[in-house]
Amino acid sequence: MSDIEQKQTSKTAQRKRAFNLAGQSGYTVGLTGMGVLVAIIFLVINPSVYGSILNVQSIAFSVPEIAILALAISVAMTTAGIDLSIVAVANLASLFVAVISTYGATVGWTDFLTTLIAVGGALLIGAVCGAFNGFMVATFKITPILTTLATMQVYSGIAIMATKGQAMYGSTNILLSLGTENLLGIPLVFWLFVLVTIMVAFIMSRTTFGVKITMMGSNPNASLFSGFRIPNLTIRTYLMTGILAAIAGIVMVSRTGAASASYGDSYLMLAITIAVLGGVNPFGGKRAIGGAAIAALVLQMISSGLNINGASPYIYQIIQGLILAGATVVAFERRRHAQRAIRTKARLSAADRKEAAINV
């Protein structure tokens, strides 16, 4: 390739990155505007309660566990996959924390040691479950939706068998402080959610791993011919979603002091809705970690506003379904528009080459 062609290719890539960045920033601004609009509507309806510090703290207290689960879904969707087992993995992790907390108090372990073992073990459970999902997807070429649907049943079955379907109670003082205390008037779990979001966004946008799995989701064949180790990247992707699910489980048991195999039955659909609303492309190739975090806040604000005004919980479910359907249609149309633009550009390029050949 000549120097002129290399410069043209580089400029084209730069323009494409700038266009994608501008589009992503515009979507995030629009999503933020949607959150402001939601706040204004509920503030007009019930300003004394919705605008109170107590309600703001309640939103910040409730959003972290579902938002972290949505981050896990968003990471999987970046590779054109999905992880339906995240809630089951989170429950397994939270049950482990509850059991170890109770056992540590019984045998006289220090609170710090018990917390260390409980949190470390929970993260290990998440990593193993996630890596197993990735291994199944990468090795047997089974679609992620079927693989994780099956493992969701396996993980839930293990949790039910171990606990006989009973809730387990127990948490260390350190974890209870994490789940109940505030820093600068904001719940500590919300600060944890902010930290996790920053770390995931950094991994996805600033590391070779994050860039590769995004390219893998955009064009798996090109990634394969570029020498990417697809099975390795797939296993590491699901290992990451498993660890995020385990962190969500730790937040769950920190907030409530209890864990159950059936906790958060509605979380899976909500996490998918948040990820799609946040701007991730269900067909892969587009990351939207910041968007997912903002979308989680927006949906929690809607839920809080409806609860304050005595609306039926079914209305919130209907709103979730409408948002998921609308966001999926938008993503599908954007993908179709992009494919049409690529085909048009290819036809024009072919016509230009043919005309140049005739002139020669």
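This is a predicted model: local features need pLDDT of at least 70, side-chain atom pairs count only at pLDDT 80 or more; totals for chains, interfaces and linings use all residues.
Local features need pLDDT of at least 70 and side-chain atom pairs pLDDT 80 or more, while totals for chains, interfaces and linings use all residues. Residues are numbered from 1 along each chain as its sequence is written, and side-chain values use heavy atoms, leaving out hydrogens and water.

The count comes to 1 salt bridge, taken as a side-chain nitrogen of Lys or Arg within 4 Å of a carboxyl oxygen of Asp or Glu. Its partners are Arg255 and Glu65, at 2.6 Å from N to O. Arg255 belongs to helix α11 (residues 230–256) and Glu65 to helix α3 (residues 53–78), so the pair ties together parts 190 residues apart in sequence; helices are DSSP runs of H or I with at least four residues, numbered from the N terminus. Both Arg255 and Glu65 are buried, that is, under 20% relative accessible area with a 1.4 Å probe and protein chains only. Arg255 also has its charged end over the ring of Phe61, 4.4 Å from the ring centre (the rule asks for NZ of Lys or CZ of Arg within 6 Å of the centre and within 35 degrees of the ring normal).

Turning to aromatic pairs, 5 are found in the whole structure, with ring centres of Phe, Tyr or Trp (its six-membered ring) within 6.5 Å. Among them, Phe135 and Phe140 are edge-to-face, with centres 6.1 Å apart and planes at 90°; edge-to-face requires over 60 degrees.

Finally, a nonpolar surface patch includes Trp109 and Ile174, joining nonpolar side chains (Val, Leu, Ile, Met, Phe, Trp, Tyr) within 5 Å, each residue with over 30% relative accessible area and no salt bridge. Helix α5 gives the largest share, 4 residues.

Definitions and conventions
Patches are made of residues with over 30% relative accessible area and no salt bridge: like charges are joined within 9 Å, nonpolar side chains (Val, Leu, Ile, Met, Phe, Trp, Tyr) within 5 Å. Accessible areas come from the Shrake-Rupley method with a 1.4 Å probe; for residues, only the protein chains shown count as cover. Helices (H or I, at least four residues) and strands (E, at least two) are DSSP runs, numbered from the N terminus. Buried means under 20% relative accessible area, exposed over 50%, partly exposed in between (1.4 Å probe, protein chains only). Rings of Phe, Tyr and Trp (its six-membered ring) pair if their centres lie within 6.5 Å; planes under 30 degrees apart count as stacked, over 60 as edge-to-face and the rest as tilted.
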